[in-house]
Amino acid sequence: MTQTADDAADLLIVGAGAAGMMAAITAGRAGAKVLMLDGARTLGAKILVAGGGRCNVTHFQVSERDYAGSTPSQIRKVLQQFPVRDVVAFFEALGVELKREDTGKLFPTTDQARTVLNALLQACADAGVRILHPHRVDCVSWDASSQCFIAESASGNVSARRLLLASGGKALPKSGSDGAGYNFARTFGHSMTSQIVPALAPLLLAPGHWLLALSGLALDVELSLVLPSGAPFKFPAPQGAISVQGALLATHFGLSGPAALDISRHWTHARTIDPSVLLKVNWIPQHREDSLDAVFVASKGVSALNVLRPFAPERFARAILEVCAIDPNATLQQLPRERRLALVRALVAMHVVVTGDRGFTYAEATAGGVPLDEVDLTTMESKLQRGLYLAGEILDVDGRIGGFNFQWAWASGFSAGKSAAGVAVTSK
Ligand SMILES: Cc1cc2nc3c(=O)[nH]c(=O)nc-3n(C[C@H](O)[C@H](O)[C@H](O)COP(=O)(O)OP(=O)(O)OC[C@H]3O[C@@H](n4cnc5c(N)ncnc54)[C@H](O)[C@@H]3O)c2cc1C
C-alpha cells in the first residue's frame, strides 16, 4: 500500500480496540485526519466478548482505588479527564443507553456488546477516521528527515506526524493483542515494568484438590494473601495487605469468579516476592473466628451438618466436614474443642495452595506495561518522544472486575486523542 499526499494523516493509531477507537473519534471530531491500523480481521474482538457478550462498559462509581499497577495519584490524573458521567453521555449521544445493575456495573440496555461496537465504528466513520485492517504493524520508527512516524507492515508503510500506541497488552492473544506494542514503545526508549503478567485470570489448584470436586459451586467469600505462619502477606507501602470480597466459583481446574479473578494479579505478584504465599479463604465473610465459634458453642445439640446449613449449600458443607474429618451427624457438643476450632479455622481462614494462574489465554487484562512515570498524564504524550502518545492496556494500569478496564481505556484514549488532535490541528 502506498500512502498518497491526499491520504496523509495527522495522527496514526496502532490498535483499534477500546482505547484506540475512543482516541480516534475524539481526534477526528477535533478536526484531525486519523488513520487507525489494526492487525485483526474482525475489529473489536474484546468488546464483543466482554461481560459475557453484554459488554460491561463501565461502572457507576470509579476511583483510582479500583486499579493496581501505577500509583493512585497517577491513575486519578487520567481518570478525572473523562469521568463516568462523560462516558455515559458519550454513549448516549451515540444512541447507546446504559443501564446500571445491582453490582454497579453499566451495560447497554440491549444487553448486546454488538450495540457498543457498532456505535463506536459508526462514530469513527462519522468522525472521518480511516481504519485499515487487517493491517498488522511490524515495527514503528521516527524519521527525522520527514519529521514523521512510520509504521511498517507487510501490507505497506504509512506515516504521520503523531503516533498513538493503543495496541493493548497480552490478554486474550488470539484477539490480536499479543504484546507487540511493548516493543514499539521500547523503540522510543520506553522501559517496561519488571513484570508483565496476567491479571483477572482464573487460578489453578493441584490435581486432586478437594475443591475441584465442587466444580460449579459459587459462594460469596473474602480472599486475602497469607504466609504459611498465618500472618497476612503485605506488599511494600503504600499497598500493604490485600483482601477482596465477592463470588468465588469452584471449577474443574481450580478457582474462578470475580473474587479469584480480582486477587489473581496480587497473588502472582506476591509469589514473586515470597513463593510460599497462600490464598486465605473466608467462606463465611460475615464471621471471624471468635464470632463463628460463639455460634458453634451456642449450638451444642445441633449436628455439624445442620449448623452449617444457614451458611453454605449442603454440598459444600459435607465436603468441608470431610476435609476436617468430622462426622456430619455428630453434634457440636460431641466434637472435641480442638476439632471444633479446626472447623472454625477451615471455614473462616482456610489456607489454599494455588499452583498458578491460567495465563494470558484466559486472562481479561494485563498487569504491567509502560510505566506511567514515562507519560505526561494530562496529555498521554510520551516524555521520551515528542508526538508519541500511549493509551489503554499497554500502560501499567489494570482494574478490578466491573467495567474498570474499559473505563481506563475510554479515559486514557479520550485524553490522548484530544491532545494529539490539538497539536496536530494547530500545527497544520
Ligand atoms: C474475555 C474478556 C472479557 C473482558 N470483559 C471486560 C468487561 O466486561 N469490562 C471491562 O471493563 N473490561 C473487560 N475486559 C478488559 C478490556 O477488554 C480491556 O482492558 C480493553 O479492551 C483494553 O483496551 P485497549 O484498547 O487498550 O486494548 P485492546 O482492546 O486489546 O486493543 C488493542 C488492539 O490493538 C491491535 N494490535 C495489537 N498489536 C498490533 C499490531 N502489531 N498491529 C496492528 N494492530 C495491533 C489488536 O488487534 C487490538 O484490536 C475483558 C477482557 C477480556 C479478554
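How many Å separate the centres of domain 1 and domain 2? The answer is 38 Å, taken over C-alpha atoms. This is a predicted model. Its protein chain is divided into domain 1, covering 9-196 + 367-426, and domain 2, covering 202-357.

**Where the domains meet**

- Seven residues of domain 1 touch seven residues of domain 2.
- About 530 Å² of area is buried between domain 1 and domain 2. Carbon and sulfur atoms give 56% of that area.
- Three residues, A68, Q195 and I401, supply 64% of the area that domain 1 buries against domain 2. That is more than any other three residues supply.

**Polar and charged links across the interface**

- Between domain 1 and domain 2 the count is one salt bridge.
- The side chains of D398 and R265 meet in a salt bridge, at 2.7 Å from N to O.
- Three residue pairs are in polar contact across the interface of domain 1 and domain 2, with both residues at pLDDT 80 or more.
- On the side of domain 1 that touches domain 2, the residues divide into three nonpolar, two polar and two charged.

**P134: a cis peptide bond in a loop**

- The peptide bond from H133 to P134 is cis, with omega near -5°.
- P134 lies in the loop between β7 (130-132) and β8 (137-143).
- Is P134 buried or partly exposed? P134 counts as partly exposed because its relative accessible area is 38%, between the cut-offs of 20% and 50%.
- Leaving aside neighbours within four places in sequence, P134 is in contact with D38, G39, A40, R41 and S155.
- The C-alpha atoms of P134 and L43 are separated by 8.8 Å, although these residues are 91 residues apart along the chain.

**Q147: positive phi between two strands**

- Q147 is not a glycine, yet its phi is positive, near 55°.
- The loop between β8 and β9 (148-153) holds Q147.
- Q147 has 40% relative accessibility, so Q147 counts as partly exposed.

**A325: positive phi after a helix**

- Which residue with a positive phi follows α10? A325 does, with phi near 55°.
- A325 is not a glycine either.
- A325 sits in the loop between α10 (314-323) and α11 (337-348).
- A325 counts as exposed because its relative accessible area is 52%, over the 50% cut-off.

- Which residues of α10 are buried? They are F316, A317, A319, I320 and L321.
- The buried residues of α10 pack against β13 (218-226), α9 (304-308), α11 and β19 (350-352).
- An α-helix has 3.6 residues a turn, so residues three or four places apart point the same way.

Conventions:
Residues numbered from 1 in each chain as written. Predicted model: local features only at pLDDT ≥ 70, side-chain atom pairs only at ≥ 80, totals over all residues. Heavy atoms only, no water. Domains from an automatic or database assignment. Contact = heavy atoms within 4.5 Å. Buried area = accessible area lost by both parts, 1.4 Å probe. Salt bridge = Lys/Arg side-chain N within 4 Å of Asp/Glu carboxyl O. Polar contact = N/O pair within 3.5 Å; in protein donor to acceptor, adjacent residues only side chain to side chain. Nonpolar A, V, L, I, M, F, W, Y, C, P; charged D, E, K, R; others polar. Helix = DSSP H or I, 4+ residues; strand = E, 2+ residues; numbered from the N terminus. Buried < 20%, exposed > 50% of the residue type's maximum accessible area, 1.4 Å probe, protein only.
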